[in-house]
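Please open the model in your viewer and keep the selection tool at hand. The stops below say what to select next and what is to be found there.

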Amino acid sequence: MSKTKKVAVGLSGGVDSGTTAMILQEEGYEVIGVTMRISDHQDKEIESAKYVANTLGIEHHIVDFRNEFNNIVVKYFKETYELGKTPNPCIKCNKSFKYGRLMDFCKTIGADYFATGHYARKVYDSETNTYRILKAINSRKDQSYNLFQLTQKELEYLIFPIGEFASKEHVRKKSSEKLNIVSSKSDSTGICFIEHKKVGRYLKEVCSSSVIEGNFVDNQGNILGKHKGIAYYTIGQKRKLGEDLSFNYVVTKIDSEKNTVVLGSEENLIVNKLILENTNFLSPNVTLPLDVDIKVSQWSEVYKGKIYTEGDAIAIEFYDPVRAPAPGQAAVFYIGDELVGGGFIS
């Protein structure tokens, strides 16, 4: 008789991860709950995760990653702003912790699989002997963008039950069958490790150079006014530049070395080509050049273009001009619903 497969579920205390654990238990898996402690203000989330585990009658582990998380993700977050770029801490966390250290921990406690409440789908392609990630059925909640750094080794181990649900309302309805307390919880927003959710205030608290005042300048270097700190601005921004500057100018460049924010016009924002760094393809069978759909942030429009090699880097050529892609964000590639890969905009 074959043993029951054991699956570890990353329990955040929210409705998506709780429903994931509930579904897998109903499907016959032996479910274990695992929760990362990454900050000092997670008590409510951890209590909620404990509630899910106790209600479902499953084993629950809390893994303390606070020191490592601070040294990796929080440090990256602060330093990226100080370089004048826009960080994506969720992508960094997924790579280093959720699908890194936490997944490794799950293997040490005997889990055959690891599941999360991400809105994405995994399928196996028998012709190429590879696993593929597809967008979630619920396109409004799709989170495949944040998974572009996964490899085949990790994909073999993963399960994403929530990706098959047509809406968040369906997830809540399913959760309410057993997990009433979490079924009505609102979605978490903002940066999870910032308790008050205010980025500028947080960067001041950690004494970041990105919140030191400096000058707004034009393309010729002429001073136009004072800015609050480069972390408060992103490429393409028109608002909150000051009474005389807002909507008359747009942020076209952030110069961290000079601590200046360059203001210009819309025509300065138009991009036909990007160079990427730290690019990853989910399948080893990808050959370039390749026509793809491209997202330049989690919730950006989808652009048509071509990816190809340029020296040691991967480049994107857009078939129609793109407005204001932000350095530090990820450009992620799709063919139809399939996630092909992505890289960071340099």
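Begin by selecting Lys168, which has its place in helix 6 (residues 168-175); helices here are DSSP runs of H or I with at least four residues, strands are DSSP runs of E with at least two, and both are numbered from the N terminus. Because its relative accessible area is 8%, Lys168 counts as buried, a word that means under 20% relative accessible area, while exposed means over 50% and partly exposed lies in between, with a 1.4 Å probe and protein chains only. The side chain of Lys168 is joined to that of Asp187 by a polar contact of 2.4 Å, a polar contact being a pair of N or O atoms within 3.5 Å, of which, within protein, one must be able to donate a hydrogen and the other to accept it, and for which residues adjacent in sequence count only if both atoms are side-chain atoms. If you set aside the neighbours within four places in sequence, Lys168 is in contact with Val15, Asp16, Tyr119, Asn138, Lys141 and Asp187, where contact means heavy atoms within 4.5 Å.

Before going on, note that this is a predicted model, in which local features need pLDDT of at least 70 and side-chain atom pairs count only at pLDDT 80 or more, whereas totals for chains, interfaces and linings use all residues. Residues are numbered from 1 along each chain as its sequence is written, and side-chain values use heavy atoms, with hydrogens and water left out.

Next, colour the chain by domain: it is divided into domain 1 (6-117 + 161-192), domain 2 (212-264) and domain 3 (269-345), with bounds that come from an automatic or database domain assignment. The centres of domain 2 and domain 3, taken over C-alpha atoms, are separated by 27 Å, and the contact between them takes seven residues from domain 2 and six residues from domain 3.

Now show the open sheet of five strands, which has the order 3-2-1-4-7 and parallel pairing; two strands pair if DSSP finds at least two bridges between them. Strand 3 (59-64) and strand 7 (158-159) stand at the edges with a single partner strand each, so one side of each is left without a neighbour in the sheet. Inside the sheet, strand 1 (residues 6-10) pairs with strand 2 in the parallel sense over five bridges, and Val7 has Val31 in strand 2 as its bridge partner. Helix 4 packs on the sheet and touches strand 1, strand 2, strand 3, strand 4 and strand 7, its direction making about 130° with that of strand 2. Helix 1 (residues 15-26) lies across strand 1, strand 2, strand 4 (113-115) and strand 7, and runs at about 165° to strand 1; these angles run from 0 to 180 degrees between N-to-C directions, with axes fitted as lines to C-alpha atoms, for helices over the stretch in contact.

Which residues touch the most other members of the largest nonpolar core? Among its 45 residues, they are Phe69, Phe77, Tyr99, Phe114, Leu158, Phe193 and Leu339, a nonpolar core being a set of buried Ala, Val, Leu, Ile, Met, Phe, Trp, Tyr and Cys residues joined through side-chain atoms within 4.5 Å. Helix 4 gives the most to this core, with seven residues. Domain 1 and domain 3 both give residues to the core, so it lies between them.

On one pairing, strand 16 meets strand 13 (residues 290-295) in the antiparallel sense over three bridges, with Ile294 opposite Phe333. Strand 16 also pairs with strand 17 (residues 338-345), in the antiparallel sense over six bridges, and Val332 has Gly342 as its bridge partner in strand 17. These two strands form a hairpin with two residues between them, and Gly336 in the turn has a positive phi of about 65°.

Finally, select Asn259 in the loop between strand 10 (250-255) and strand 11. Asn259 counts as buried because its relative accessibility is 16%, and a polar atom of its side chain lies 2.9 Å from the backbone oxygen of Glu213.
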